[in-house]
Amino acid sequence: MIDQPDPRPAAPCPVRPEELARSPFPDRGPRLTGLDAEITAVLTEESAALDEGEHQRWLDMLDPAFRYEIPVPLLREDPALPRHSRSAVLFEATKRVLELKFGRTGLLPAWSDRPATTARHFIGSVRVFDAPAAEVVRADANLLVTSNRGVEHTVLVSAARRDLLRERDGRWLLLRRCVLLDVEVATHEQLSVIF
């Protein structure tokens with residue numbers, strides 16, 4: 001007897017959460033309105049850790065596979081075209097890179113960070129969607145960030161934020177963050193902000 005191929009379609013392989021941190025950002029799945037309040041609370045605490053300068057607390061809210069990215073904004077005449085690049089980024093970092101960045105600011109020789117910057121994150125319109133991996137959700141939100149340092153250094157920037165959150169051991173951790181800036185040309189002051 002000759003082996004015949006199975007005519008049934010192969011079951012899709014489950015996507016691992018770590019793959020979502022490296023692959024193209026997933027599309028929105030079905031809305032999960034029952035999680036809106038819970039995820040909003042998680043994102044509020046995460047923003048408070050940044051605003052209050054509690055960098056280690058913020059880093060503890062990141063999954064080990066965390067990836068942070070700011071795609072290049074695109075100036076397009078056709079409003080139907082994407083406003084951000086799908087391949088080019090202005091800034092990209094892993095959890096380890098951010099640990100090094102925040103570790104440096106705690107050192108006495110880091111004089112360039114003194115006086116410290118005061119930042120405020122204002123989050124709104126949080127919507128939660130299913131993601132293509134188990135125990136992962138996508139949260140889309142609008143964001144306004146102010147950053148002040150001294151008299152002359154003031155930054156005000158708005159953005160859309162796409163987050164992937166992974167539930168591990170009964171808590172939500174950030175697996176990925178994509179920041180879509182509402183500017184045509186980002187300044188170095190804007191890029192120095194952690195959104």
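Colleague: Where in the chain is Asp169 found?

Modeller: Asp169 is in the loop between strand 5 (153-168) and strand 6 (171-181). Helices (H or I, at least four residues) and strands (E, at least two) are DSSP runs, numbered from the N terminus. This is a predicted model: local features need pLDDT of at least 70, side-chain atom pairs count only at pLDDT 80 or more, and totals for chains, interfaces and linings use all residues. Residues are numbered from 1 along each chain as its sequence is written, and side-chain values use heavy atoms, with hydrogens and water left out.

Colleague: How many helices and strands does the protein chain have?

Modeller: The protein chain has five helices and six strands. Read from the N terminus, their order is α-α-α-β-β-α-β-β-β-β-α.

Colleague: What should I look for in the phi angles of Asp169 and Glu135?

Modeller: Most residues other than glycine have a negative phi. Asp169 is not a glycine, yet its phi is positive, at about 50°. Glu135 also has a positive phi, near 60°, and sits in the loop between strand 3 (118-130) and strand 4 (136-149).

Colleague: Are Asp169 and Glu135 buried or exposed?

Modeller: Buried means under 20% relative accessible area, exposed means over 50%, and partly exposed is in between (1.4 Å probe, protein chains only). Asp169 counts as exposed because its relative accessibility is 80%. Glu135, at 55%, counts as exposed too. Of the 195 residues of the protein chain, 38% count as buried.

Colleague: What span should helix 2 have, and what is the distance between its end C-alpha atoms?

Modeller: The expected span of a helix is 1.5 Å times one less than its number of residues. Helix 2 (residues 36-51) has 16 residues, so it should span 22 Å, and its end C-alpha atoms are 22 Å apart, which agrees. Just after helix 2 comes Gly53, with a positive phi of about 70°.

Colleague: Which residues of helix 2 are buried?

Modeller: An α-helix has 3.6 residues a turn, so residues three or four places apart point the same way. In helix 2 the buried residues include Ile39, Leu43, Glu46 and Leu50.

Colleague: Which residue forms a salt bridge with Glu46?

Modeller: Side chains of opposite charge can pair when their charged atoms come close. A salt bridge is a side-chain nitrogen of Lys or Arg within 4 Å of a carboxyl oxygen of Asp or Glu. Glu46 pairs in this way with Arg161, and their closest N and O atoms are 3.8 Å apart. The pair links distant parts of the chain, as Arg161 is in strand 5 and Glu46 in helix 2, 115 residues apart. Arg161 and Glu46 are buried. Arg161 also forms a salt bridge with Asp163, at 3.4 Å between the closest N and O atoms, and Asp163 is buried as well. The structure holds 18 salt bridges.

Colleague: Which residues form the nonpolar patch on the surface?

Modeller: Patches are made of residues with over 30% relative accessible area and no salt bridge, with like charges joined within 9 Å and nonpolar side chains (Val, Leu, Ile, Met, Phe, Trp, Tyr) within 5 Å. Accessible areas come from the Shrake-Rupley method with a 1.4 Å probe; for residues, only the protein chains shown count as cover. Here Phe122, Leu144 and Leu156 form a nonpolar patch, with about 290 Å² of accessible area together. Leu156 belongs to strand 5 and counts as exposed, at 57% relative accessibility.

Colleague: What lines the second largest pocket?

Modeller: On a 1 Å grid over the protein atoms alone, a pocket is an open set of points where a 1.4 Å probe fits, with protein on both sides within 12 Å along at least five of seven lines; lining residues have an atom within 4 Å of a point. The second largest pocket is lined by 23 residues, of which Phe25, Ser85, Arg86, Arg162 and Cys178 lie nearest its centre. Strand 2 gives the most to this lining, with seven residues.

Colleague: Where does Pro24 lie?

Modeller: Pro24 lies in the loop between helix 1 and helix 2. Pro24 and Arg86 are 62 residues apart in sequence, and their C-alpha atoms are 8.0 Å apart in space.
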